[in-house]
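Subject: Structure handover and findings

Dear colleague,

I am passing on the structure below, and after it you will find my notes on what was found in it. Please read the two side by side.

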Amino acid sequence: MQITLDEGYQFGLGVFETVALECGRTVFLDWHLERLGVSLKELGISRSITEREVQDYLTSIKEGEGAQAFLDHGALKIMVSEKNSLFTMRENPYTPEKRRRGFRLVYSSVYRNETSPLVRHKTMNYGDCIMEKRRAASLGADELIFRNSRGEICEGTTTNIFFVREGRLYTPPVFCGLLPGILRRFILERFPVTECVIRAEDVSKMEECFVTNSLMGVMPVNCLGEKKFSTREQAQVCQKAYLTVQRL
């Protein structure tokens, strides 16, 4: 497909969504398209994507070589700018083995600008996240965690973060400077969660931690910096609830 150069491809003023594909169906597609529409409006982009367009694309590639593996456990990426709408598919890199192993998190040396309107949207201006995600491996980590200019924990390079203390769930609020993820929304709607400012010094009091995104679901965290977490109880409860919805 030919791409027309516009502000999305020249300046990053475009939006994308990454939708999980499981057993040939999309997961939370309605929520993804809702968030996409909100972001497009915020960026002043006069385009939209419908569920029918997505389903037509999936139908068109079903007979392609290797397509079935992507449809069974893959990722659909939707990219939209003022003059372009693109769909691509790839494999889902998150496996049951990775979930059994759990993630090691390290704080990023890059700070989120909580005053920027872009941090609340999944835009093509995604360089900080990609570069820090790549740097995680060199630090022996699976994910880096951003803090904002006030030192408040925000999110991971591609994840939202949750903590557990005395059986209660906590997560940073959007005003700290983060993208409100689809799995984050699912957990907030399904479980009692307190949205509050969390700083690095507060993490020592937490008993459990997990991160989420649309492809991994709920990922247990073994440690964040020097803080080790010994339990996965709430992560397993949340993941079980997600898998139940995923299979409907």
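This is a predicted model: local features need pLDDT of at least 70, side-chain atom pairs count only at pLDDT 80 or more; totals for chains, interfaces and linings use all residues.

Residues are numbered from 1 along each chain as its sequence is written, and side-chain values use heavy atoms, with hydrogens and water left out.

With a relative accessible area of 31%, Arg25 is partly exposed (buried means under 20%, exposed over 50% and partly exposed in between, for a 1.4 Å probe and protein chains only). Although Arg25 and Gln246 are 221 residues apart in sequence, their C-alpha atoms are 9.2 Å apart in space.

The sheet around S2

S2 belongs to an open sheet of four strands with antiparallel pairing, in the order S2-S1-S3-S4 (two strands pair if DSSP finds at least two bridges between them). Strands S2 (25-26) and S4 (84-91) are at the edges and have a single partner strand each, so one side of each is left without a neighbour in the sheet. Strand S3 (residues 73-81) pairs with S4 over eight bridges in the antiparallel sense, and the two form a hairpin with two residues between them. Within this pairing, Lys77 has Thr88 of S4 as its bridge partner, and Val80 stands opposite Ser85 in S4. Helix H2 (residues 29-42) lies across strand S1 (15-22), S2 and S3, and runs at about 175 degrees to S1 (axes are lines fitted to C-alpha atoms, for helices over the stretch in contact, with angles from 0 to 180 degrees between N-to-C directions; contact means heavy atoms within 4.5 Å).

Most residues other than glycine have a negative phi. Cys23 counts as exposed at 69% relative accessibility, whereas Phe28 counts as buried at 12%.

The nonpolar cores

The largest nonpolar core has 41 residues, and among those that touch the most other members are Leu105, Ile161 and Phe163 (such a core is a set of buried Ala, Val, Leu, Ile, Met, Phe, Trp, Tyr and Cys residues joined through side-chain atoms within 4.5 Å). Helix H9 (233-246) is one of the elements that give two or more residues to this core, and H9 gives the most, with five residues. A second, separate core of 20 residues includes Val19, Ile49, Leu71 and Met89.

The largest pocket

The largest pocket holds about 1000 Å³ of space. A pocket here is an open set of points, on a 1 Å grid over the protein atoms alone, where a 1.4 Å probe fits, with protein on both sides within 12 Å along at least five of seven lines, and lining residues have an atom within 4 Å of a point; points are joined across faces, edges and corners, and the volume is the space filled by probe spheres set on them. Of the 44 lining residues, Lys122, Tyr126, Cys129, Thr157 and Thr158 are the closest to the pocket's centre. The largest share of the lining, five residues, comes from H6.

With best regards
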